[in-house]
Amino acid sequence: MLKRWRQRVTFSDIVVWAIGIAIGIAVVYGTIVTWRRADYTAEQWINLTLDGLKLGGIYSLIALGYTLVYGILRMINFAHSEVFMSGPFTAVFLAKYLDSIGFYNSHPLISLILVTLLSAAVSITVALLLERIAYRRLRYAPRLVPLITAIGASFFLQYTFRGMYGNDPETYPTLDILKGTWTIGSIAIPKTDLVVIVSAFVLMLILYTIVQTTKTGKAMRSVSEDKEAAALMGINVDRIIVFTFSLGGASAGIAGILYALIFQQVHFYMGFIPGLKAFTAAVLGGIGNVVGAWLGGTLLGLIESLGPNLFLSGLGIPAANQLKDGIAFAILVFILIFRPTGLLGERVSKTKA
Amino acid sequence: MKTDTASIWKQSVSSGLIAGAICLLVSLVGLVESFGDTYIIRGLLTLGDFILLIPIVLITYTALSRFSESSRTTLLGVSAVVGLVAGFILTLLVLLGQAVDLRVMFVNASPALFSQLMRGVPLPLGALIPPLQGLIAAILGLGIYLIPARPRSAVIQGILWVVLIGTLRDQILLIDLLKPRPIAAILKSVIFSSSGLTPIGALLVFAITAGLSYYLSGRKKRVAVSQPTKTQKRNRIILFFVLAVILYMLPKSLGIFYIEILDTTGLFIMMGLGLNIVVGFAGLLDLGYVAFYAIGAYTMGVLTSPGLGLYSLTFWQALPIALLAAWLAGILLGLPVLRMRGDYLAIVTLGFGEIVRLLVLSDWLKAYLGGTQGIQSIAQPQIGPLKFDTLQQLYYLILIGIVIVAFIAWRLKDSHLGRSWMAVREDEDVAQAMGINLVFTKLMAFSTGALFAGLAGTLGAAKLTSVYPHSMTFIVSINVLVLIIIGGMGSIPGVFVGALVLIGLPGLLTEFQEYRLWFYGLALVFMMLNRPEGLWPEARRKRELHEEITELVAE
């Protein structure tokens, strides 16, 4: 038994496990120190958790786009971050216009719906153009070709939008009804936070229902199992792929509006980091899996907002919040090394394309 | 027959609409206006016009190749429709822009753009200008379509040279070799105007370059077949010496402006050669390549900068340590991630690159790495009394570095290791079955690539005498990746071609800087869709890519 084990474990395994264990110990130690010192009050922890949940909701919605496309085409749609950026960056002009004529605050719900619809429409358009112009011809190309195309498309889109709408960030007008807090029990929750958390959750539920129960959703899942067999069963594969891209685009566009509600600002480079994080979330949850996208997104949001204060400051690292993006990327690296299947997914990272 | 003609017109209109949409995009992105005063031919054609009209030419050309059976009049009609429809869309933009202030949303939809689209003609009549221009462009597309293949490529090359030389007018006049009085006078009075070429100059440049290309394209074929290898070898040696002399003379005959660009291009060539091993030879897509550059540069900075006050070694003492650090980082990252598949590897390396940048930027390591301020007063190399502290002297150092790196890459390519890399690239499983140690092979690719980037990093640090975290972004990794893809993955000369085209050329055109990444993105997509093997392809890679396509067609 021991002998067989020794044969299977290579030098690189040992190095990898050593790094993993060292980091694990550091995290546990940092957490203990922070708890002992009691640097933060319960209220601060609750606020951080809320931050995590709202970021997590947005990550889940974006991650859905990665997951669905990966499930069907086995490619990382690197330009999905630009699909996410294009919607809110366009819709900001509608929001500003509505604000300037006073409609925005007099009919907040209608305005929000209009802005969200525009954002989703633009994101869907961009996603579909990407699919039609760049990806469709590369469906059977060697493995790196679609990824490099996607990277190129990502830059092209970023700088196209920068050229069209300008280099400076645009500011979303604030909605008066979302100012202030609601008090639940003894906890005061900012209204924006609650709206974002709830709407992200509801949206994920709707999207999950679409994928799991509708006929098109069923077709989607069968295409992701086996394209040829699905085509033989009378499923129009092209149409399903287009539908997948639109679904991903729509959820990214709506996520963009939620993002804009939180951060108020949009600019051409806003997609890059959330896009990477959402991809991390998709991998964390298990790529190709809708529930996994939700789980991964929420977990990532929580780790990212709690992590720096929880264990980095315990380790005596100053300005730990600067490193929160680093935590997300470290999670990505370690998930792929130790559990390439993600939390809920099939094993994909090592299989051949 | 009737439905056939109807479908031809329908397709021409939709081609026209696509061309118009591209023109619209190019205008709104700001390319037309930004390059609107960069004349290619004085008074006739600006670079902006060229960028605006080239989509119409190209789309007309592709539309025509679909109807190759039709009569000439039909072809003429098709091009007219494409050109007019495309131009009409631009007219719509102008009219819309007059009615509403589009600048609230589109920053570039300014009166300046509109007047440029109408070539300065005031409105009622000016509305006719864009369709007219579109028509001319489309007829040009028709012309290019109708001439036979060999003169066609000559004409296209001639046009491209006119555009290139016209655009680079200011930079060409800066070359010291052209500065002697009679040459400069002739150049300035006959060929160049105050901006761009004169019409006569343009004709001259076109005639010379097109003629030359026509002549060469005919000659090449005959020579390649009949020439024995011995003369080929001799020619190669002669070429090598000529190249060496030119490279040696370059900094002496060029101004400081050029040398700066040459140095930067050189550093990118070095990085490109390294990434070429990782991506091109071994097929491992590394998107965090800048991390190794950063590690090289920062190690150099930490070890030599008196400003930071940690160590104060000389450049040469610190060099091996910096290289070792980069190499070790390559192994350290390589060990865990190399078991992953291509696209996952790409994202993880991207994450690694970002982690390195964030660490360098953080306050946590500020005492050691300088935080946002970076590290200043880094030592510059010195051999005895010879100090490499000007860009000219560093040019030679970078050149030596490139020669060493290129030599190593070239020798590695056909070595046992190099062939293992390519086997891994083609098919990991088969390679393993053939007895190739996957982990070792991939690690060697990763660490060699890291080493080269580390070398570029140390030289880059010495060149600027400072390093900043803000220059270690993802964009740098992308630049390097783009240049090896444009040049041809796995091809060593391709790296040089890619770096000269993508780093050297944009460096010359300062207006171009803002749109560099836009063009990079476009180039990546375009190359992947139409010419995945690159400009200077490696023979095996080309075969591989085309094989797969033909196989698929056969299926």
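The model is predicted.

Start with chain B. Its secondary structure comes to 25 helices and four strands.

Now look inside chain B. Of its 555 residues, 46% are buried. A residue counts as buried if 20 or more other C-beta atoms lie within 10 Å of its own. Next, consider contacts in chain B with a separation of 6 or more. Residues 24 or more positions apart account for 76% of them.

Two packed helices are described by the angle between their axes and the distance between the axes. Here the pair is α13(B), residues 256-281, and α23(B), residues 492-508. Their axes lie 9 Å apart, at an angle of about 145 degrees. The crossing is right-handed. Which residues make the contact? From α13(B) they include B:I261, B:F268, B:I269 and B:L273. From α23(B) they include B:V495, B:F496, B:G498 and B:I503. By class, the contact has eleven nonpolar and seven polar residues, and no charged ones.

Turn to chain A. It has 14 helices and four strands. Its radius of gyration is 22 Å, close to the 20 Å that the globule rule gives for 353 residues, so chain A is as compact as a globular protein of that length. Its C-alpha trace spans about 75 × 60 × 40 Å along the principal axes. Buried residues make up 48% of the 353 residues in chain A. For contacts in chain A with a separation of 6 or more, residues 24 or more positions apart account for 78%.

Finally, bring the chains together. How many residues does each chain give to the contact? Chain A gives 49 residues, and chain B gives 49 residues. On the side of chain A that touches chain B, three helices each supply at least two residues: α2 (11-37), α7 (144-165) and α14 (324-338). The largest share comes from α7(A), with 16 residues. What classes of residue make up this side of chain A? They divide into 32 nonpolar, twelve polar and five charged residues.

How values were computed
Residues numbered from 1 in each chain as written. Chains lettered and ligands numbered in written order. Predicted model: local features only at pLDDT ≥ 70, side-chain atom pairs only at ≥ 80, totals over all residues. Buried ≥ 20, exposed ≤ 12 C-beta atoms within 10 Å, placed from the backbone. Contact = placed C-beta atoms within 7 Å. Rg over C-alpha atoms; globule rule 2.2 N^0.38 Å. Axes fitted to C-alpha atoms, helices over the stretch in contact; angles between N-to-C directions. Left-handed = near helix turned anticlockwise from the far one by under 90°. Nonpolar A, V, L, I, M, F, W, Y, C, P; charged D, E, K, R; others polar.
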